[in-house]
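I want to look up the fold, the rings and a few single residues, and jot things down as I go.

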Amino acid sequence: MRCLLILLLWVISSTHAYAQWVKLNPLEPFTRPWDIVFSASDGYLATDFGVYRSTNSGVTWTVPVGQGAMRVNCLLLEATRIFAGTAGVIVSADNASTWRQAGESLRNYTIQGLASLGSYLVAGGDGVFRSSNRGEFWTATPPSPPADYV
């Protein structure tokens, strides 16, 4: 009886420990996910071929119609808009169906990270940039000198 109880506990715990992650709806071949953000059940996935969208908590993923193939490095949800870091920053106000350049000043920079800081948007990659008007205009932020420099 004791061996049966130990065996039963091992089966229950091992099943629970290894059944937490499930690969859902594999993406197209050679598509690498770089970033993922969710708002309620809507999710957005940054990949080598654009932004995939899920409307069912990540069970399935689709590419919105009209989006060209582009590598997207990072995403940021800000109110009703989605910002994506790529060659510059692009923004969508219609759930990733259409995109436009968010300020022309970053078009020649690769953006690897996006963040919201109070009333500012911050983009990083080939430099650090800040926007105080929701991405319409970006200014370069000079790097701080090393601590032992001052």
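I call a residue buried under 20% relative accessible area, exposed over 50% and partly exposed in between, using a 1.4 Å probe and protein chains only. With that rule, Phe-129 is buried because its relative accessibility is 6%.

Ground rules next. I am working on a predicted model, where local features need pLDDT of at least 70, side-chain atom pairs count only at pLDDT 80 or more, and totals for chains, interfaces and linings use all residues. Residues are numbered from 1 along each chain as its sequence is written, and side-chain values use heavy atoms, with hydrogens and water left out.

**Entry: overall fold.** I took helices (H or I, at least four residues) and strands (E, at least two) as DSSP runs, numbered from the N terminus. That gives 1 helix and 11 strands in the protein chain, in the pattern α-β-β-β-β-β-β-β-β-β-β-β along the sequence. Of the 150 residues, 33% are buried. For the surface I used Shrake-Rupley with a 1.4 Å probe, and for residues only the protein chains shown count as cover. The accessible surface is about 9700 Å², and carbon and sulfur atoms own 61% of that. A contact is heavy atoms within 4.5 Å. Of the contacts between residues at least 6 apart in sequence, 30% join residues at least 24 apart.

**Entry: sheets.** Two strands pair if DSSP finds at least two bridges between them. S6 (residues 88–92) is joined to S7 by 2 bridges, and Ile-90 stands opposite Gln-101 in S7.

Another open sheet of 4 strands runs S8-S9-S10-S11, again with antiparallel pairing. Its edge strands are S8 and S11 (139–140), each pairing on one side only. S8 and S9 (residues 120–125) share 6 bridges, and Leu-114 has Ala-123 in S9 as its bridge partner.

**Entry: aromatic rings.** Which rings pair up? I counted Phe, Tyr and Trp rings (the six-membered one for Trp) with centres within 6.5 Å, calling planes under 30 degrees apart stacked, over 60 edge-to-face and the rest tilted. I got 2 aromatic pairs. Phe-38 and Trp-61 are edge-to-face, because their planes meet at 70 degrees, with centres 6.1 Å apart. Phe-38 is in strand S1 (residues 33–39) and Trp-61 in the loop between S3 (50–54) and S4, 23 residues apart. Phe-38 is partly exposed at 38%, whereas Trp-61 is buried at 12%.

Tyr-109 and Phe-129 make a tilted pair, 4.8 Å centre to centre with 55 degrees between the planes. Tyr-109 is in the loop between S7 and S8 (111–117), and Phe-129 is in S10 (residues 127–131), 20 residues away. Tyr-109 is partly exposed, at 32%.

I also checked charges over rings (NZ of Lys or CZ of Arg within 6 Å of the ring centre and within 35 degrees of the ring normal). Arg-130 lies over the face of Tyr-120, 4.2 Å from the ring centre.

**Entry: Ala-84.** Is Ala-84 buried or exposed? I find it buried, with 0% relative accessible area. Ala-84 is in strand S5 (residues 81–86). Leaving out residues up to four places away in sequence, Ala-84 touches Val-72, Cys-74, Leu-75, Val-89, Ile-90, Trp-99 and Leu-114.
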